[in-house]
2 protein chains.
Amino acid sequence: MGNRKMSLSCPMPKLDFDTITMAHGGGGTLTNQLLEQGVFKLLKNDLLDSHHDGAVLPISGPIAFTTDSFVISPIFFPGGNIGELAVNGTINDLAMCGSKPLHLSLAFILEEGLPMTEFWDILVSIKEASEKAGVQIVTGDTKVVEHGKGDKVFINTTGIGTMLPKADIRIQRVQPGDAIIASNCIAAHGISIMSVREGLEFESDILSDTRPLHCPVANIIEKFGPDIHLLKDPTRGGVASVLNEIARDARHGIYLDEKLIPIDDQVKGACEILGLDPLYVANEGVFLAIVAANAADDVAATLREDPACAHAAVIGRVVEDHPTQVVIRSGIGGKRIVNMLVGQQLPRIC
Amino acid sequence: MGNRKMSLSCPMPKLDFDTITMAHGGGGTLTNQLLEQGVFKLLKNDLLDSHHDGAVLPISGPIAFTTDSFVISPIFFPGGNIGELAVNGTINDLAMCGSKPLHLSLAFILEEGLPMTEFWDILVSIKEASEKAGVQIVTGDTKVVEHGKGDKVFINTTGIGTMLPKADIRIQRVQPGDAIIASNCIAAHGISIMSVREGLEFESDILSDTRPLHCPVANIIEKFGPDIHLLKDPTRGGVASVLNEIARDARHGIYLDEKLIPIDDQVKGACEILGLDPLYVANEGVFLAIVAANAADDVAATLREDPACAHAAVIGRVVEDHPTQVVIRSGIGGKRIVNMLVGQQLPRIC
């Protein structure tokens, strides 16, 4: 549990129980105690209606709507935990749609026997991540399954955002000539999880890159509007799989230049030791932007002004050649096809 | 597996795999195959954007927003399965907010080894339930956990509905004198699950009452408007726990007349055999309406015109006496306090 942060700012209230039991999911007194004295108290805001079946939200429209269940193992990892990951992950999916994240739902599936201290730390992380990003948890659900029928905590977050007026993010807008920008160094999240799972120790800790990306996204949409053609965050399957999906759906080719792809030296070294291609390693705090060629350098420069995107770089372009395929020019000059991830590189990464 | 319905209308496509594997959650080729040839193909609609991180919805507010994770065991039960339960459950939570359900997200946590035929049957039920209720599945997520780290299938559905113009559903509107209406016979869902778990056989099958309730709800809101003060569906914890929550939050007393509470004879008999109080048994297709006294009989009569509410009845009233407590007059005339469910009666009922 070396990766758990202490919740000094939000000490756990005194409760009648130390661990989660089946009765916490039964809908009776213990469910109510867990919610009233734990979840609702901590996450309280003016829209979180703790005593109804849902929230009523003043929205006007069009909205983005996205869902993600998080099953990452371990639940505490270098640089974060499943709670902030669940908040940031759905915020980022909303951002990739070209929306401003506003409201999240939060649903837990807890395994019987989960220590309440661990659940509390996750709740505190959820509170802090949602406050930091300016989104509100407005409705939720808590279920409990028997020991051995779950794995500590699974979290679903589903999000609503309002569309940014200048956003026009669609696969149909991806055209030959467009530049591909990576918003930051790749592969940190997957390697951080791998290191803790395999008990590896690197010279310095490699931390997950989990972070909200809606601010840099809103910034480039505001500044470059329709020059931003598509946004995707390369989580499961990594940069390679996401670019393959884009190439397939856009029916164009994608050309990458390996030496332009930003990657931290530590992460690169860890990938070499582990025999992993960083293009297939999951990211949580990186996005890919497909942008009009003439705006590309300015978009990358704008992104680099944000510490979350300090290493933003143009890494390739959309091409007419080899439609539906991703081709990379390697560091030593050869070209090879980069396929979608086959099989499973690293399970339960998010 | 005697409770599985065959999906004759939607035969399963020929796939390269018979069971769910970890790679189906890896974000690569197998994830894509499962989604493209399975989920998206079956659930296809004009808003389900199969290749982005979320859906963009034309909505004008205010909206209701609600989430529920379903962990019911077994996943196939008399009268339904986890798929239609997940659709109907969230539809009903939206209805209880006084909204018209429009859009659902759908997130699976699958256990490695799940037979594809079982997953397919669940998908078909989801398709059928959503079509029947007129809601669209617009975005989703699929994760896979190792065998022994989940339990076949967990489903999260999160829903969006637009508020019905005449709805004014709030706990603050619950007043002494209000009538309490049960929309139909209680306790069928819990008993159906209990029977299959315990291997009990009753004279005739007791089926789960899982069904969408938004039509009868919209009907009484349209007809009686502000006379409908509060709506709640008594799922986990049953009628007793939900009425205790209402009494606590409204700070009034609740008085029930046991002989007025509709219950099927078979279900009542099963409760007696199992030693269960039907007031604590979960429902999935019943709601409680707290309505103005002068409208109560008309609301109940209107509900009874709908086959889903054939046994709707006034079962009690809100009172000034014994604030925050629920008191029942039993069939033989005595009075007793009905507390919130203590502990856990029947785990994983939804």
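Q: How much area do chain B and chain A bury between them?
A: In this predicted model, chain B and chain A bury about 5800 Å² between them, 57% of it on carbon and sulfur atoms. Buried area is the accessible area (1.4 Å probe) that two parts lose on being put together, summed over both.

Q: Which residues of chain B lose the most area to chain A?
A: They are B:Asp53, B:Phe65 and B:Arg236, together 13% of what that side buries.

Q: And how many residues does the contact take from each chain?
A: It takes 75 residues from chain B and 75 residues from chain A, where contact means heavy atoms within 4.5 Å. Because 100% of the interface residues of chain B are also interface residues in chain A, the copies meet through the same surface.

Q: What are the conventions here?
A: Residues are numbered from 1 along each chain as its sequence is written, and chains are lettered from A and ligands numbered from 1 in the order in which they are written. Local features need pLDDT of at least 70, side-chain atom pairs count only at pLDDT 80 or more, and totals for chains, interfaces and linings use all residues, while side-chain values use heavy atoms, with hydrogens and water left out.

Q: Changing topic: at what angle do α1 and α3 of chain A pack?
A: Helix α1 (residues 29–43) and helix α3 (residues 116–133) of chain A pack at about 25°, with their axes 9 Å apart. That makes α1(A) roughly parallel to α3(A), a label for angles under 35 degrees. Axes are lines fitted to C-alpha atoms, for helices over the stretch in contact, and angles run from 0 to 180 degrees between N-to-C directions. Helices (H or I, at least four residues) and strands (E, at least two) are DSSP runs, numbered from the N terminus.

Q: Which residues meet there?
A: Among them are A:Leu34, A:Val39 and A:Leu42 in α1(A), and A:Phe119, A:Trp120 and A:Leu123 in α3(A).

Q: Where is A:Pro74, and which residue is joined to it by a cis peptide bond?
A: A:Pro74 is in the loop between β2 (63–70) and β3 (76–77) of chain A. The cis bond joins A:Ser73 to A:Pro74, with omega about 0°.

Definitions and conventions: Angles under 35 degrees count as roughly parallel, over 145 as roughly antiparallel, 65 to 115 as roughly perpendicular and the rest as oblique.
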